[in-house]
Every structure is written in structure tokens, then in C-alpha cells.
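Thank you all for coming; today I would like to walk slowly through one structure, taking a few of its packed elements in turn. Please have the sequence and the picture open, so that you can follow along as I speak.

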Amino acid sequence: MNEPRPKPFEISKKVVYAAYLRVKGNQGAAGVDGQTIEDFERDLSGNLYRIWNRMSSGSYFPPPVRAVEIPKSGGGVRVLGVPTVGDRIAQTVASMYLERRVEPLFHPDSYGYRPKRSALDAVRACRSRCWKYDWVVDLDVRKFFDTIDHELLLRAVVKHATEAWVVLYVRRWLVAPLQRPDGALEARDRGSPQGSAISPVLANLFLHYAFDTWISRTFPGVRFERYADDAVVHCVSERQAQQVRDAIAARMVECGLELHPDKTKIVYCKDANRTGSYEHEKFDFLGYTFRPRLARNKDGEYFASFSPAISDAAAKRVRKQMRSWWLPRRSDRSLSYLAQMINEVVRGWIGYYGMFRRSALYPLFRHLNEKLVRWAQGKYKRMRYSPKRARQFLKEIASRDSGLFVHWQFGAWP
């Protein structure tokens with residue numbers, strides 16, 4: 001009886017299954033083959049076996065990545081790459097192997113896509129350092145994910161990946177073509193599409209060498225927070241900030257990248273103890289705007305503090321999602337149905353944007369309440385021409401059941 005031939009690469013079937021669970025948990029759209037996660041699960045064991053078998057034998061070749069254009073708030077579009085479900089699982093397998101090699105090496109001030117670290121951790125660290133340091137360099141790398149240098153990235157992967165198959169498949173994923181909406185295939189010799197499962201760890205690995213270790217070595221006293229390609233650097237003086245900005249710009253060019261000339265800026269962290277003025281006295285970071293704000297100390301006295309609150313861009317996105325619910329037109333639905341429909345999303349907003357200066361969310365809560373008022377006017381004839389009566393109706397419900405809507409629990413009654 002013939003023994004089964006050993007595979008060239010040893011890949012754990014348990015890791016393949018764990019990768020599937022991670023992809024399932026993240027959901028996501030279908031790739032170029034149109035296959036959803038539900039479709040994939042109709043023959044789950046067979047599909048997972050095929051991925052494991054092909055990866056273990058070295059015969060796995062990624063299909064094209066579906067290109068999806070997402071409008072940017074400031075104009076233009078951002079191109080996201082959507083791999084197939086099977087390819088997302090394969091990428092996750094490789095990222096899990098690579099991640100456990102490089103994660104212990106990453107800088108403590110790198111926060112993006114890392115276990116036990118979050119964007120709020122980065123915002124919290126940034127707030128603390130803005131109180132300590134007077135100046136900030138707000139960095140914006142132009143089209144980072146589209147312009148990553150493949151040769152430099154692979155050099156880093158080879159250095160840390162002890163499994164040869166990880167290097168093999170990273171090479172293949174980097175050059176897998178993008179399929180445009182019209183079906184045209186676009187070859188790639190730079191970049192790693194946002195939206196792919198392997199991109200986060202590859203981006204962190206690239207910037208670990210291009211930025212984190214470099215700035216720690218070149219400017220050992222300078223602190224920073226980085227979340228993927230979004231970074232803030234703290235400086236003690238305007239002169240140091242200019243020096244650091246210019247050095248970073250030169251470093252990015254060395255690594256095949258470019259700082260955005262209009263979006264990268266030096267910011268003065270003005271507060272009650274920092275006199276004078278400067279061209280830029282605010283910046284955005286991870287959905288928060290840092291700027292001088294009125295605060296109150298433990299003695300009840302007011303003073304100017306440089307601190308974060310939800311940014312205008314983030315608030316605009318929140319209002320856009322509220323409009324997409326069409327609450328005033330759902331008069332055929334009950335109030336409890338509306339609460340069940342929106343509470344999870346609103347709870348997420350409060351959990352993230354309400355972590356710092358929650359009071360900045362109250363205009364959004366009022367906006368949401370007005371939509372509920374208009375719902376009540378459409379629901380009940382006696383309130384149709386009386387928003388005052390509809391508002392009083394909702395206030396009475398809120399007084400009896402303040403937990404019906406998440407935002408009501410924070411005193412944001414109609």
C-alpha cells in the first residue's frame with residue numbers, strides 16, 4: 001500500500017480552521033467569484049481542505065482582487081481590495097504565522113491592528129503627550145497602501161518569516177491583479193490593497209522599519225503614536241518640529257513613500273499655559289479633533305485645555321448613517337422596533353466617540369431625537385402638525401423607560 005506523499009510545507013489544519021472562524025467573524029463582501037461566506041459554508045470541510053492542500057503543496061495561486069471605490073470625505077476615492085472568501089482565509093493563515101514572529105518586535109507606540117491595542121489607546125496616549133509637549137507633527141503619508149515598495153517589504157518578510165511558504169505566498173498576493181468594476185485586470189508592482197487580510201501585518205512590518213525604529217534611533221527623545229499609516233509626533237519646540245518633519249519627509253522618500261504636502265502640518269498645542277498663536281492649532285487623529293477647549297478643574301474653575309472630541313468629519317459620517325435609517329418614514333414600525341434597529345450602532349458611537357468629551361455627542365443625540373419626533377408625527381394623527389406634542393409624547397416614554405434608546409440613558413431625552 002502506497003503511503004501518502006508528504007507535503008512540501010507543513011501547515012496546521014487547525015490554523016486553517018481558526019483562520020476561517022476569524023474571516024467569518026469579520027464577515028465582508030464577496031470577491032470576484034461572487035461567493036459569500038454562506039456559499040462557502042455549504043461545503044465547508046471540502047473548501048477548507050482545498051485551501052490547506054494547495055497551500056501545503058505550494059500550488060496555491062490567489063485569484064484577482066475585486067476593486068471597490070469608496071468616496072473620501074475630502075473628495076476623491078479610496079480603492080479597497082476585496083479578496084474572495086477562500087483567499088481571505090488563506091491570507092489569514094499566513095498572517096497568523098507571520099504575526100506571531102513579528103508582533104513581539106513591534107514598537108509599543110504602534111497601535112493599529114495589533115492584539116490588546118486599540119485606536120482609543122492611541123488617542124489616550126496622544127492626549128497625554130499633547131499636555132506634556134507643546135508641538136505636534138501631524139503626518140499624512142500619501143496613498144500609503146497603494147505605494148508600498150514590494151522589494152523593501154519582501155526584504156522585511158524574508159528576515160522574519162521562518163516558514164518559506166509565507167514568503168512564497170506574500171510574493172503572490174502582492175502581485176495579484178486588481179479587477180476593476182468593468183472586469184478589466186490591473187497589474188500591480190507596488191502596494192498592498194486595503195481590505196486584504198494580510199495587509200495590516202505587512203503594513204505594520206513595513207512601517208516598523210520605515211518609521212518606528214528609524215525615528216526611535218534618529219530622534220531618541222521624540223515620542224509618537226502610529227495607527228497604521230496615521231501618525232502623530234510630539235516635539236518640544238517649533239524648531240524641533242520642523243527638523244523632525246523634514247527628516248521624516250526625506251526618510252519616506254528613501255522608502256518609496258511621500259508625505260502629503262498639504263495634509264502634513266506642524267500644530268501648536270495651545271492651552272491656558274501656552275501663549276501666542278500659530279497657523280495650525282488643531283489636528284485630527286482617528287476620528288477625534290484635538291484643539292483648545294474649555295475645561296473645568298477640580299475646583300470648578302474654567303480653563304483652556306488642548307484635548308480631543310469627535311471630529312467634524314466623524315460627526316458628518318454619523319449624521320449620514322442616521323439619514324440612511326429613514327426613521328421618519330418608518331411609521332409602520334413600533335418605537336421598540338426602531339430602538340432594536342439602531343441601538344447597537346449608537347452604542348458603538350458612544351463607546352468610541354464618547355470616550356473623550358462625551359458632551360460633544362449631544363448635538364448628534366438631539367439630531368437623532370428630532371428624527372424620532374418626526375417619526376411620531378407620521379405615526380399618530382393627533383401629532384401630525386404638532387412637533388411639540390410629539391416631543392412631549394417621547395419625553396413621557398423616556399421618563400418611564402430611559403433605557404429604551406441607548407442615548408436616552410445619558411440624559412439625552414427628546
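Before the first pair of helices, let me say what an angle will stand for here: axes are lines fitted to C-alpha atoms, for helices over the stretch in contact, and angles run from 0 to 180 degrees between N-to-C directions. Please also keep in mind that what you see is a predicted model.

Let us begin with helix α3, residues 44-57, and helix α4, residues 85-102, which pack at an angle of about 50° with their axes 10 Å apart. The two helices, α3 and α4, are therefore oblique to each other, and their crossing is right-handed. If you look for the residues that make this contact, you will find Leu48, Ile51 and Met55 on the α3 side, and Gly86, Ile89, Ala90 and Val93 on the α4 side. Sorted by class, the residues of this contact of α3 with α4 are six nonpolar and one polar, with no charged residue.

Now stay with α4 and turn to helix α1, residues 13-26, whose axis comes within 8 Å of the axis of α4, the two crossing at roughly 115°. How are α1 and α4 oriented to each other? Angles of 65 to 115 degrees count as roughly perpendicular, and α1 and α4 are therefore described as roughly perpendicular to each other. Their crossing is right-handed. From α1, the residues Val15, Val16, Ala18, Ala19, Tyr20, Arg22 and Val23 meet Arg88, Ile89, Thr92, Val93, Met96, Tyr97 and Glu99 of α4. By class, this contact of α1 with α4 holds 10 nonpolar, one polar and three charged residues.

The crossing of α4 and α9 is left-handed. Ser95, Leu98, Glu99 and Val102 of α4 make the contact with Val201, Leu202 and Leu205 of α9, and by class the contact of α4 with α9 has five nonpolar residues, one polar and one charged.

Leaving aside residues up to four places away in sequence, Asn204 touches Phe106, Ser110, Gly112, Tyr113, Arg114, Arg226 and Ala228. Asn204 and His107 are 97 residues apart in sequence, while their C-alpha atoms are 9.7 Å apart in space.

Finally, let us look at the strands, four of which form an open sheet in the order β6-β7-β3-β8, with antiparallel pairing. At the edges stand β6, residues 223-227, and β8, residues 265-268, each with a single partner strand, so that one side of each is left without a neighbour in the sheet. On average, and with direction ignored, neighbouring strands of this sheet are turned by 20° against each other. Within the sheet, β3, residues 135-140, and β7, residues 230-235, pair in the antiparallel sense over six bridges, and the bridge partner of Val137 in β7 is Val233. Helix α5, residues 119-132, lies across β3, β6 and β7, and runs at about 155° to β6.

Key:
Residues are numbered from 1 along each chain as its sequence is written. This is a predicted model: local features need pLDDT of at least 70, side-chain atom pairs count only at pLDDT 80 or more; totals for chains, interfaces and linings use all residues. Side-chain values use heavy atoms; hydrogens and water are left out. Angles under 35 degrees count as roughly parallel, over 145 as roughly antiparallel, 65 to 115 as roughly perpendicular and the rest as oblique. A crossing is left-handed if the near helix is turned anticlockwise from the far one by less than a right angle, and right-handed if clockwise. Contact means heavy atoms within 4.5 Å. Ala, Val, Leu, Ile, Met, Phe, Trp, Tyr, Cys and Pro count as nonpolar, Asp, Glu, Lys and Arg as charged, and the others, Gly among them, as polar. Two strands pair if DSSP finds at least two bridges between them.
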